[in-house]
Amino acid sequence: MDGLTQMSEKAVLTLPGKRIELPLFEGSEGERAIDIGALRKEAGCITFDNGFSNTASCLSDICFIDGEKGILRYRGYDIEDIAAHCTFVEVAYLLVHGKLPTEPELKTFSEYLNEHSMIHEDMQNFFNGMPPQSHPMAILSSMVTSLSSFYPHIMDADPNFDITAARLISKVRTIAAFSYKKSRGEPVVYPRHDLPYCANFLNMMFQSPVKQYEIRPEVVEALNKLLILHADHEQNCSTSTVRMVASSGANLYAAMSAGVSALWGPYHGGANQAVIEMLNEIINDNMNIKKYIAKAKDKNDKFRLMGFGHAVYKNFDPRSKFIKGVCDNLLAKMKIIDPLLDVAKQLEEAALSDSYFIERKLYPNVDFYSGIIYRAIGIPTNMLTVMFAIGRLPGWIAHWKETVDNKHWKIWRPRQVYVGPARRDFIPMNKRA
Ligand code: SDX
């Protein structure tokens, strides 16, 4: 937290009959915040901020976003540099440790990922017990929580946090691949120690006893970049959920599972699946792009342009531009022509030339093109948010650790403004209307 500067100036709040001064502080990138910790005691009132859009819940060293300038940095490094030069495992190490790994550190971390890549054989019963049409996110969230049962000795963090982080990052990958195989009634493919993280995942997903799966370098590269671009994003809904659960002292697995559940929503990580479903709907509706742009603008229509807009970015989401490039490159190398990509590009062009989207600064976000890449790799639509979770896991782990290591740790307990009925007398059953 070296980047925190207490300002000499104060914020002055004038309330009816009262004037109070509140401390002001500044973060590394010049963000200013009013410390309202004493507000209730000194002013007898609280603040109201629907959805916490203007409220910082914590101080954090991990990720910086500038929504107006379209800047995203992990531990101070620009996402463009990281995505261009790192592997996902390097970025996982960076997020968890706050520094890029040396060769020996990366080698050790990779060994831990291998050592902890298997899941307890009894967990297979979970897969077999889940109804066949179970959503992969339902399976993932329950399997992650169940890790605390199968590995009770690791309810929290190992003295060597590398092992804790590697265990989760590795096992979540195996759980995702096993749930895919189970959904297809195929035998699971176990992890291999001779394959790096992303190649290992692809092998577990697509290798089969009857058909050789070729692990293509361009697919491995695209997967690395996608997971990197999803690895963290400061206090988004699921990461804040992880921190909320961590603040109660719940174990790491419970916090991760809560993150999976929060990510599932279509307004958050579930948007990548919703984008593919939307693009298919448009194709099946005679490519009527104008109709869907109109629906998105119609306040009486609950349809939204999925993969568009962002709570923070009021400029291009730097990730979506990068992902669009990865998409074009991979499909060209794989000689895939996906009609969904054409629709997506036409939709983006139509929206970005429409005043409704321009005025509201609505641009494609991380979810707009990512699903098309996963489709090209062969990952089914209902697994897209699982892929988001695999990418986001190192970020969640880093935020969990930052929360539990915080020497000013307190349980998160937001207030509310009660607007319900005032006190009223009890009504016995025979007198109720
Ligand atoms: C992720 O927070 C993170 O960092 C999340 C994430 C991460 O990495 O963790 O980046 C990942 O969740 C990306 C977002 C994925 N969700 C979607 O693509 C779903 C579609 N987008 C939206 O529903 C919406 O844009 C949100 C939920 C993302 C943001 O919602 P906000 O904060 O309410 O949006 P806003 O305040 O900027 O909206 C301003 C206006 C409103 O209209 P008016 O009241 O001004 O008339 O824009 C409208 C909104 O109704 N609007 C949209 C729209 N998004 C916003 N209108 C049509 N289609 C959309 N997609």
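**Notebook: cysteines, domains, ligand site**

I looked for disulfides (pairs of cysteine sulfur atoms within 2.5 Å) and the structure holds zero. Cys327 is in no disulfide, and its nearest cysteine sulfur, that of Cys198, is 17 Å away.

I note the basis here: this is a predicted model, in which local features need pLDDT of at least 70, side-chain atom pairs count only at pLDDT 80 or more, and totals for chains, interfaces and linings use all residues. Residues are numbered from 1 along each chain as its sequence is written, and side-chain values use heavy atoms, with hydrogens and water left out.

I checked accessibility with a 1.4 Å probe, protein chains only (buried is under 20% relative accessible area, exposed over 50%, partly exposed in between). Cys327 is buried because its relative accessibility is 0%. Cys45 has 25%, so it counts as partly exposed.

I then read the domain bounds, which come from an automatic or database assignment. Domain 1 covers 5-56 and domain 2 covers 65-404. Their C-alpha centres lie 35 Å apart.

I listed the ligand's surroundings (a heavy atom within 4 Å) and got 25 residues, with His233, Arg304, His310, Lys314 and Arg319 the closest.

The side chain of Arg304 places an N or O atom at 2.6 Å, and a polar side-chain atom of Lys314 is at 2.7 Å. Gly307 uses a backbone N or O atom, at 2.8 Å. Alone, the ligand exposes 1100 Å² (Shrake-Rupley method, 1.4 Å probe), of which the protein buries 77%.

Terms used:
Polar contact = N/O pair within 3.5 Å; in protein donor to acceptor, adjacent residues only side chain to side chain.
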